[in-house]
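Colleague: I am new to this structure and would like a close look at a single part of it. Please take one residue and then its surroundings.

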Amino acid sequence: MAETDEPEKKRRRVVELTEKMLVDGDTGSTSDWDDRWNHIKKFLERSGPFMHPDFEPSTESLQFMLETCKILVIGAGGLGCELLKNLALSGFRNIHVVDMDTIDVSNLNRQFLFRAKDVGRPKADVAADFINSRVPGCCVIPYFKKIQDLDETFYRQFHIIVCGLDSIVARRWMNGMLLSLLVYEDGVLDPSSIIPLIDGGTEGFKGNARVIFPGMTACIDCTLELYPPQINFPMCTIASMPRLPEHCIEYVRILLWPKEMPFGDDVALDGDDPEHIQWVYQKSLERAAEFSITGVTYRLTQGVVKRIIPAVASTNAAIAAACATEVFKIASSAYLPLNNYMVFNDVDGLYTYTFEAERKENCSACSQVPSDLHFSPSSKLQEVLDYLTESTSLQMKSPAITTTMDGKNKTLYLQSVASIEQRTRPNLAKTLNELGLADGQELAVADVTTPQTVLFKLCFTS
């Protein structure tokens, strides 16, 4: 009898605590019970061999985490769901989450905060509701928006930002935003303007976690070559000899959409708009039928357009755990953070490796001086454009190039607006000399990968 009493007592205790959590679901100390944060206190209120040498155990760190620390999670997908759960259960109560996606049926196998009834709803909203209802005292505030729709004032309010994104472009934009918030006084970085960025990424059974202190450590753009290259198909294959269903989808995405503009002039293809994906899907089916190609599906179409990469739940869990641990270490100051890049691979067995990614002195994003562009005066503007998009250290998507001549701004090439693209397209065939550009002249380049305009200096070669 004694053997069965103990498990029953534990079960009743769990039920009592659960009922208490549901009753005391408001924010504040009323939702805490006596031993709720004992697991955290063991790290913060007593010394240990792995603690930061300057850290003094006290109750202040826990109070900061519970009451003051404000965390922003970007992305509420596979990584984001894990991050929100980990942070909420680690004592962080003031959490904001940004995500522009809605829930799809395919998400349900690994994004565990969502249920079938949630399909079609914004991920940020559903994730916030779930965490708020299950973790007493936690207040998750959702934003169903693109990160580009939020301004500097919004991002400046956070102590730490965590990225669980599947887009390198979005990572780079966030990296650029935090760099733009840095304050320099007489060339010296003001430490109070630094907002740490913790970035996690997964692809199948591989992943990485990294800690970035903007202006101090290697930023996202310093290490672009570490990210997997984007798969591109030869244009001649797409246009003339398609063999794969992906070729048909790319044909519609790259060639047919700009030509037909099905939703009006200057309307860019949006991978998150179901009407856009449906149009591409139907046209891809027609293209596939012409060449007797099978395998074009709505899901594949969405995957090609959005560059969706495969996801595995266990990899997401491991990387999110590493990222949440780094948030805890930085917020509490109790332990030294990761320095600064961790690689995870469980394709064959389990392998992890940590190394320090170094800053690039000439990084176009985080260096304080314009990067040099080495071209001869006879080089064409098209060659400069190709370098900006194809260089492994830049990898821009649709750069707009402007300069200043005779005190006036001059647009050399702009791709995103059809009317201006058409007007400036002839410049691509002109040499830098013919465009009136001089040695040492600055070019300002805007791109979707950064919220800032990036400056380059022309250095003519003989």
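Does Thr 202 count as buried or exposed, and at what relative accessibility?

Modeller: This is a predicted model, in which local features need pLDDT of at least 70 and side-chain atom pairs count only at pLDDT 80 or more, while totals for chains, interfaces and linings use all residues. Residues are numbered from 1 along each chain as its sequence is written, and side-chain values use heavy atoms, with hydrogens and water left out.

Thr 202 counts as buried because its relative accessibility is 15%, and buried means under 20% relative accessible area, exposed over 50%, partly exposed in between (1.4 Å probe, protein chains only). Thr 202 lies in strand 7; strands (E, at least two residues) and helices (H or I, at least four) are DSSP runs, numbered from the N terminus. Leaving aside residues up to four places away in sequence, Thr 202 touches Leu 79, Gly 207, Ile 309, Thr 315, Asn 316 and Ile 319, where contact means heavy atoms within 4.5 Å. With Asn 316 there is also a polar contact, side chain to side chain, at 2.9 Å. Such a contact is a pair of N or O atoms within 3.5 Å; within protein, one must be able to donate a hydrogen and the other to accept it, and residues adjacent in sequence count only if both atoms are side-chain atoms.
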